[in-house]
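Hello,

Here is the structure I promised to pass on. Please have a look at it first, and then read my notes below.

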Amino acid sequence: IGIGTNQPKGPRPVAPAVGRPTHGYLHCMTLTADAYVCILLNLHDAPSTEDGRMSSHRLRLGRRSIVGQVYVMTTRCTGQSRWFADPEAAEIVVNQFRQMDRSRCTHTLAWVVMPDHIHWMFELRSHSLAYVARRFKSSSALSLNRLKRRQGKVWQPGFFDHALRADEALLRHAHYIVGNPIRAGITANIGEYKHAWCRWPL
C-alpha cells in the first residue's frame, strides 16, 4: 500500500500516540483504520537497513513507554532465519509470552509466532518497552540456543512498536494479528494455526 503525503478524505484513523517521520509513518495517521492496520503489521514496511535488518536508531524515534498503554510489538529473527518453523522452538517463544505476563511486565492480548518473526499485542504493566523487548529476547534466545545446542544471535536488533489508542480497535487488531498465517498462505482459516492466540473469541 502506498503512503502519500496528502491527507485522504474519509473516517478518522486509529492513530499511534506518537507518529514517526520514517518511511511515511507520520502520515499513517491520515489513513483509514483498516488501511493503517495493514501497513502496521507488514514487516517489510518497518524501518530497515538495506540488508533487511531493523534499524534500531530509526525505530526508537518518537518512542514512548506508558504503563497501562496497549502496544503491538513486532520483531524478527536475525538473517530472517525460519527459527519457528520448528514447533518446539515456537513453543519456547509462546512460553516466554506467558512468563512476561507472570512477571507482571505485560498483560498479553494477542500474539502470533510466524516462522521468522513475531507480533505481540499487550498492555504494558511495568518497566519500559525497551526493557520488555530486551528481557523477552534475551530469555527466549537463551532457551532457543539451548534447544539447538548452539550459541549466537536469534533476534535482529531493535523492534517495531505501535501504541493503540481506541479501545474499540483492540479486537480488530487482535484478529488481524492471528490472521497473519492466512495471509502468508500457511493456513486457510483463523484458529487452525497452533502458534497464534488472542484473548477474545475468534
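**The sheet and its surroundings**

Tryptophan 111 has tryptophan 197 as its bridge partner in E5. Please keep in mind that this is a predicted model. Strand E2, residues 106-113, pairs with E5 in the antiparallel sense, over three bridges.

These strands belong to an open sheet of five strands with antiparallel pairing, in the order E4-E1-E3-E2-E5. Strand E4 (160-164) and strand E5 (196-198) are the edge strands, and each pairs on one side only. On average, neighbouring strands of this sheet are turned by 20° against each other, direction ignored. Helix H4 (residues 129-148) packs on the sheet and touches strand E1 (70-76), E2, strand E3 (117-124) and E4. The direction of H4 makes about 135° with that of E3.

Next, the loop between E2 and E3, where methionine 114 is found. Is methionine 114 buried or exposed? Its relative accessible area is 4%, under the 20% cut-off, so methionine 114 counts as buried. Setting aside neighbours within four places in sequence, methionine 114 is in contact with Phe84, Asn180, Pro181, Ala184, Ile186 and Tyr193. Of these, proline 181 is 67 residues away from methionine 114 in sequence, yet their C-alpha atoms are 7.2 Å apart in space.

Finally, the surface. Ile182, Ile190 and Leu202 make a nonpolar surface patch of about 260 Å². Isoleucine 182 sits in helix H6 (residues 180-183) and is partly exposed, with a relative accessible area of 31%.

Best wishes

Note on methods:
Residues numbered from 1 in each chain as written. Predicted model: local features only at pLDDT ≥ 70, side-chain atom pairs only at ≥ 80, totals over all residues. Heavy atoms only, no water. Pairing = 2+ DSSP bridges. Helix = DSSP H or I, 4+ residues; strand = E, 2+ residues; numbered from the N terminus. Axes fitted to C-alpha atoms, helices over the stretch in contact; angles between N-to-C directions. Contact = heavy atoms within 4.5 Å. Patch = residues over 30% accessible without salt bridge, like charges linked within 9 Å, V, L, I, M, F, W, Y side chains within 5 Å. Areas by Shrake-Rupley, 256 points an atom, 1.4 Å probe, with all protein chains shown as cover. Salt bridge = Lys/Arg side-chain N within 4 Å of Asp/Glu carboxyl O. Buried < 20%, exposed > 50% of the residue type's maximum accessible area, 1.4 Å probe, protein only.
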